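User: Can you walk me through a few packing details of this one? I'll jump around a bit.

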Amino acid sequence: MKENRILIVDDEKIVRESLTHWFEEEGYVIESAENGNEALRIFSRGKFDLALLDMKMPGMTGLELLRKIKDIDENCIVILITAFASVPTAIQALKDGAYDYVTKPVDPDELNNIVRNALESRKLKIENVELKKQIDSFIIPENLVGESPQMRKIIDLIHTVAETDSTVMLRGESGTGKELVAKAIHQNSKRKYFPIITVNCGALSESLLESELFGHEKGAFTGAHFRRKGKFEIANGGTIFLDEIGSVSSKTQVELLRVIESKKFNRVGGNEMVESDFRIITATNEPLEKLIDDGKFRKDLYYRLNVITINIPPLRERIQDIPILANHFLKKYSELMNKGITDISKKALDQLLNYDWPGNVRELENTIERAIVIGKSDSIEPDDLHLKESNFTIDNGFSFSGDNGNSLEDMERKYILKVLNGNNWNISKSAEILEIERVTLYNKINKYGLRKIK
Amino acid sequence: MNLNIVPLKFSNDPLLRKLTERLSIYFDEIKIFYTPVNIEPAYNPARRQYHSTKILESIIKSNPEESGLYLILTELDLFVPVLTHVFGEAQLKGRFSIVSVCRLYEEFYTAESNPKLVLNRSIKEALHEIGHNLGLYHCRNWECIMHSSNNVEEIDTKGLFYCKECSEILKSSGIKHPTAT
C-alpha cells in the first residue's frame with residue numbers, strides 16, 4: 001500500500017514534534033516545517049497528500065500558505081489548526097479550499113478521523129477523475145471488431161454521429177451488430193452517463209409495445225396493478241434504441257411520431273403529460289422504402305427517423321475481418337470456458353473464409369463458440385465448425401446464399417478474391433487467369449477493398 | 001529481553017502486580033524499577049496535565065543502567081500539545097515508553113469501579129507502546145493490540161494480542177512468544 005505523505009507546518013517545535021510522532025505511529029511519512037517559506041520549499045521538492053497548517057505563524061499565515069499550496073497542487077488536502085475557534089476565519093479557510101479546521105487542543109479521536117477521512121476522500125476523488133477520463137475516451141464496444149475499410153468507415157461515422165443529438169437509423173442484415181453500433185453511439189455521446197434502453201419492437205404485440213414504450217397507470221387495463229414507467233420515461237437523459245422499427249403497427253407509428261416531435265406523452269390510461277429527454281436510434285433489416293410504398297410504414301415517421309443512416313455491411317462483404325473476428329471470439333470463449341484452444345487451423349480458417357455467413361457476425365460467433373465446446377485438440381479444425389454445405393462457395397468461387405449478395409458485383413468481387421487467394425495474391429498470375437490487365441485487377445482490388453489475409 | 005517497569009505517581013499495587021504477571025510471558029525478566037523522575041517541567045498548569053514527551057525525555061536523560069525496555073506506568077493525566085490527551089507515548093524503535101492509567105479507570109467516565117476492565121485496558125496499552133518500541137506501527141486490524149485507539153471504547157474493542165502480521169515482525173525483536181494468543 002502507498003504510504004501517505006503529510007506535511008506539518010507549525011512555528012512551535014513542540015507541536016511539530018508531537019504531531020510528527022503521533023502520525024508516524026500511524027505509518028504516515030511525515031515532514032515538518034516551522035514557517036510558510038520553509039513549507040513551500042519542502043512542498044516544491046515532493047508531493048504531499050495532506051498538509052496540517054497552524055493558522056497563526058510569524059510571517060506567512062496559515063491561510064496565505066493554504067492558498068499557495070492549493071495553487072501548486074489542488075489535490076493536496078489542507079487542514080488548519082488554530083488555538084482558538086473563529087467562525088469568520090474558519091469560513092474563509094473553507095472557502096479557500098481547506099478540507100477542515102480543528103481547534104487546539106484537538107481530541108485525538110477527532111484528529112485521526114478527520115485525517116483518515118480526508119485521505120480517503122482524496123483517494124476517491126483522484127480515482128473518480130481517472131475513471132471519468134476512461135469514460136471520456138472514445139469507446140468501441142469489445143465485439144465491434146474489424147479492420148476492413150467498411151468497418152473503419154462505420155467507426156468514423158459512430159464518432160461523428162455520437163457528437164450530435166440527431167436521430168440515427170441503423171440498417172443491416174440480422175446479426176451484423178446493429179445493437180453494438182447503437183451502444184457505441186450512446187457510449188460516446190454526451191448522454192453516456194444516462195441509460196441506453198433497448199426495445200425490440202418486433203417481439204411485442206401492439207398493446208404491449210405501447211404500454212412498454214409509454215408506461216401505464218394503475219388500473220389502465222386488466223393486470224395493471226401498479227403504475228409502471230415506460231421505456232421513453234426511463235431513457236430520460238439517455239438513448240432509446242428501437243430495434244425492428246419496421247414491425248411497428250400503424251397506430252403506434254402515429255404515437256411514435258407525436259412523441260418524437262414533442263418529447264411528451266401520456267402513460268397508457270393516464271392524463272398526466274410526461275416529459276422526457278431522449279435520443280432515438282432505430283434499427284431495421286427490412287426495406288422500409290418498400291413498406292412505405294405498400295402503405296405499411298408512415299413516410300413522415302420514416303423521414304423523422306432517417307436523419308442519419310448507417311449501413312452495416314454483411315460479413316461476406318468484409319471477409320478480411322473474418323480472421324480477426326474469429327480470433328477475437330476464440331480468445332473470448334476459450335477463456336470463458338477455460339479451454340486451452342489457442343488457434344484456428346489453416347483448413348478451418350479457409351472454410352470460414354469461403355462460407356457465406358447468412359447469419360453474419362452473430363453466426364460466426366456461435367460457430368466459434370460451438371467449435372470450442374466440442375473441440376478436442378488445441379486448435380479449431382474444420383470438423384469442429386459444422387457449417388451448412390448450402391452456404392459454401394462452390395468450386396468456381398461463387399456462392400449462392402439465397403437472399404443477399406448475389407448481384408453481378410458481388411459475384412465479381414468473390415471470384416476475384418478467390419483467384420487472388422488461390423494464387424497467393426500473385427497479381428500477374430491472377431490477372432492472367434482472369435484474363436484482364438494487371439492494372440485492371442489493381443483497380444478492381446481497390447474498388448472492392450480487397451485485402452490479403454495473413 | 002528484559003522489561004523495566006517504572007511506577008511513577010502510581011498507587012495501584014494490585015494492578016501493577018497483575019500487569020507484571022501478564023507481561024511476563026513476553027520477557028525473560030521483568031523488574032520493578034524505582035527511579036526518581038522529575039515531572040515538574042512536564043506539568044502544564046493551564047491544562048492540569050503532564051506532557052508525556054517531557055516525562056520520557058527526563059527518564060532518558062537520567063540514563064538508567066538496566067538493560068532492556070523501560071515502561072513508565074503512571075496515574076498522571078498525560079497530553080501532547082495539540083491533542084486533548086494521550087493514553088501513552090513510546091519512542092518508535094527506542095527503549096522508553098509511558099502509559100497512563102488515568103483515563104483507563106472506569107471511574108473517569110462512569111464513577112463506577114471495574115478493576116478487571118482496567119487491567120485489560122492497561123495490558124493492551126502497555127503492549128501497544130512496547131510494540132512501538134519494537135518497531136511496530138499502528139495496525140489496520142481491529143483485533144490487533146497495535147490498532148490505534150483514541151478512546152476507551154476502541155481499547156475495549158481490540159484484542160489482547162498482536163495480530164499474525166505484527167507477530168511476524170516481532171519474531172526478530174527479541175521478545176518471547178510474540179505469537180501468543
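**Sheet, interface, helix pair**

Analyst: Starting in chain B: this is a predicted model, and in it strand S4 (residues 49-51) of chain B runs parallel to S6(B), joined by two bridges.

User: Which residue stands opposite B:Leu78 in S6(B)?

Analyst: B:Tyr50 does.

User: What's the strand order in that open sheet?

Analyst: The order is S3-S4-S6 in chain B, three strands with mixed pairing. Strand S3 (43-44) and strand S6 (78-79) of chain B are the edges, each pairing on one side only.

User: Which helix packs on the sheet?

Analyst: Helix H2 (residues 52-61) of chain B, which touches S4 and S6 of chain B. The direction of H2 makes about 55° with that of S4(B).

User: Switching to the contact: how many residues from chain A and from chain B?

Analyst: Chain A gives 20 residues and chain B gives 15 residues. On the chain A side, helix H1 (13-24) and helix H5 (108-136) each supply at least two residues. H1(A) has the largest share, seven residues. By class, the chain A side has nine nonpolar, three polar and eight charged residues.

User: Last one: at what angle do H17 and H18 of chain A cross?

Analyst: Roughly 135°, with the axes of H17 (residues 408-422) and H18 (residues 427-434) of chain A coming within 9 Å. H17(A) and H18(A) are therefore oblique to each other, and the crossing is right-handed.

User: Which residues meet there?

Analyst: A:Ile416, A:Val419 and A:Leu420 in H17(A) meet A:Ser430, A:Ile433 and A:Leu434 in H18(A). That contact has five nonpolar residues, one polar and no charged ones.

Technical notes:
Residues are numbered from 1 along each chain as its sequence is written. Chains are lettered from A and ligands numbered from 1 in the order in which they are written. This is a predicted model: local features need pLDDT of at least 70, side-chain atom pairs count only at pLDDT 80 or more; totals for chains, interfaces and linings use all residues. Axes are lines fitted to C-alpha atoms, for helices over the stretch in contact, and angles run from 0 to 180 degrees between N-to-C directions. Helices (H or I, at least four residues) and strands (E, at least two) are DSSP runs, numbered from the N terminus. Angles under 35 degrees count as roughly parallel, over 145 as roughly antiparallel, 65 to 115 as roughly perpendicular and the rest as oblique. A crossing is left-handed if the near helix is turned anticlockwise from the far one by less than a right angle, and right-handed if clockwise. Two residues are in contact if their C-beta atoms, placed from the backbone, lie within 7 Å. Ala, Val, Leu, Ile, Met, Phe, Trp, Tyr, Cys and Pro count as nonpolar, Asp, Glu, Lys and Arg as charged, and the others, Gly among them, as polar. Two strands pair if DSSP finds at least two bridges between them.
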